[in-house]
Amino acid sequence: MTEPVVQFNNVCFAYDQEEILHNITLTIRSGNMVAIVGPNGGGKSTLLRLMLGLITPIRGTVTLFSTPPEFARHRVAYVPQYLLFDPAFPITALDVVLLGRIGQHRIGAFRRADRAAAREALNQVSMAHLARRSFAGLSGGERQRIIIAQALIADPDLLLLDEPTANVDSRIEHQIYDLLNVLNQRMTIIVVSHNLSVVTRHASHVACVNRTASLLPLAELAETQRAAVHSGDMAVLQHELSCQIINPTESLRIPHHSGPVETNR
Amino acid sequence: MSLFFTHLQQYAFLQHAVLAGVLTAIACGIVGSYVVVRRSTYTAGAIAHCVLGGMGIARYLHHVHGMTWATPLTGATLAAILAASIIAGVTASGKQREDTVLSAVWAVGMAIGISFISITPGYYEDLLSYLFGNILMVGMPALRLMAVLDLFIIVITILFYNQFLAVSFQPELARLRGVSVQIYHTLILLITALTVVLLTQVVGLILVIALLTLPAAMASRLVHKLWLMMLVAAALSLVFTIGGIALSYGPELPAGATIIELTGSAFVLLIGGQGLYHRWFRHARSHRKGS
């Protein structure tokens, strides 16, 4: 068994009174490429934010590389859902990428090595020709790839992406997922997506999140499920996966904890 | 205009005014750019108006208690730093609505200023110069303080340019990469406060917002890098400040108001000109396509 990268142990999370995630226990291991799927509002983005330690669970523990998430952030890069950027902000694509290294220099300008790394990252996402262009003037798909490049120059061991292809056409979408497969050879990848047919073609594991969640290796899917995957039939697949992974109504009835409550707050 | 240039060679007060224009333009370009890209004009406005409280208290201490160190400029500087700290502290706690707190700082600061000015014996003319500034009255001690504040702003900006860029553009990324959003947010507020104090000397506290935002807003329409925006904004505000002094000098108009009118006209011209250019450009292109 390879090293566990992300571990959720009986995690519950709620904004105010409303519980978003209930009793989540799962382990994502080094080298996995996990697709997180599920309905809107099911808690997919919340799951990522818990992994980053941007929010803390009300019950249970989350660990990243076997430590609390706050202490392992330098090993993680995060590509947020379509960014709420100020479209008038004066910044070039290259400068956006360079910000990925902001944690490495406490003071002063970026070094020559940083610029070289930024150009290399832009090459990887096929955006080198746009380096000097204003970030605001780029299309949604171009901006998305710039932000992926920004994640790459931090040289992470774990890459988290929240709907990275929400604003791009299917050609770019395939390019991005092909790139993720290449990157997966050197880092663990967790990607939230609404497009089942594409992610399941590229991922090693799938997690269907809808208040509850568990992880399933795609290789173990039954023939009917795989057919559903490849036809991209959302309804059939969701049914198949949720039956196999969890019975939502049943799991929601499980009480929070029987034993003493552990939290990492 | 020509009278201004003849007198500029003869009179020290005019030379001081021009020097004050140069010093404020530097701060204005740098900090104005941050205020514009971070959309924090209202914060700058609150600090600017709160400064009246500091000026009022300083004037009272000076005249009634004979504390000679308490000049309007030192009072303004302390009040601006205090206002910035309050705003930073309240926004950090995240428990209050930001604009409500800004309004309170804005109004309470002014109220304190008005009370202290009214209980201080003497003429009210000072009040007008606080509200509308008087660049022709800037003396050597004020110029020295302005130079020190400028130097501080420049050094801070050079050291933390990237951190400021990160917390302004992508605060969540900054947080994940271990950059303290709170510390840099507070530092930006601090240099904003110092710049507001500099600018009140030139155009007074009511007109500060215009000089802080309009040159930077114009620069943002012309260039796509933050540091370039700062340079262009500084150059523009220098032109408007000196231009405003020169235009107002002959007909004895108020310099601060003339500077703002000049800046405002240039802003409208730029926006209008760009609008016309784009419309004409699109029209020409669609015409070519059509034929």
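**Aromatic pairs and the interface**

Over all chains, a search of the whole structure finds twelve aromatic pairs (rings of Phe, Tyr and Trp, the last by its six-membered ring, with centres within 6.5 Å; planes under 30 degrees apart are stacked, over 60 edge-to-face, the rest tilted). F13(A) and Y15(A) form an edge-to-face pair, because their ring centres are 4.8 Å apart and their planes stand at 90°. F13(A) is buried at 4% relative accessibility, and Y15(A) is partly exposed at 40% (buried is under 20% relative accessible area, exposed over 50%, partly exposed in between, with a 1.4 Å probe and protein chains only).

This is a predicted model: local features need pLDDT of at least 70 and side-chain atom pairs pLDDT 80 or more, while totals for chains, interfaces and linings use all residues. Residues are numbered from 1 along each chain as its sequence is written, chains are lettered from A and ligands numbered from 1 in the order written, and side-chain values use heavy atoms, without hydrogens and water.

In chain B, ring pairs link Y34(B), F160(B), F164(B) and Y184(B) into a cluster.

Between the chains, 34 residues of chain A are in contact with 25 residues of chain B (heavy atoms within 4.5 Å). The area buried between them is about 2,600 Å², 59% of it from carbon and sulfur atoms (accessible area, 1.4 Å probe, lost on being put together and summed over both parts).

K225(B) and D95(A) meet in a salt bridge, at 3.2 Å from N to O.

Notes: Buried area = accessible area lost by both parts, 1.4 Å probe. Salt bridge = Lys/Arg side-chain N within 4 Å of Asp/Glu carboxyl O.
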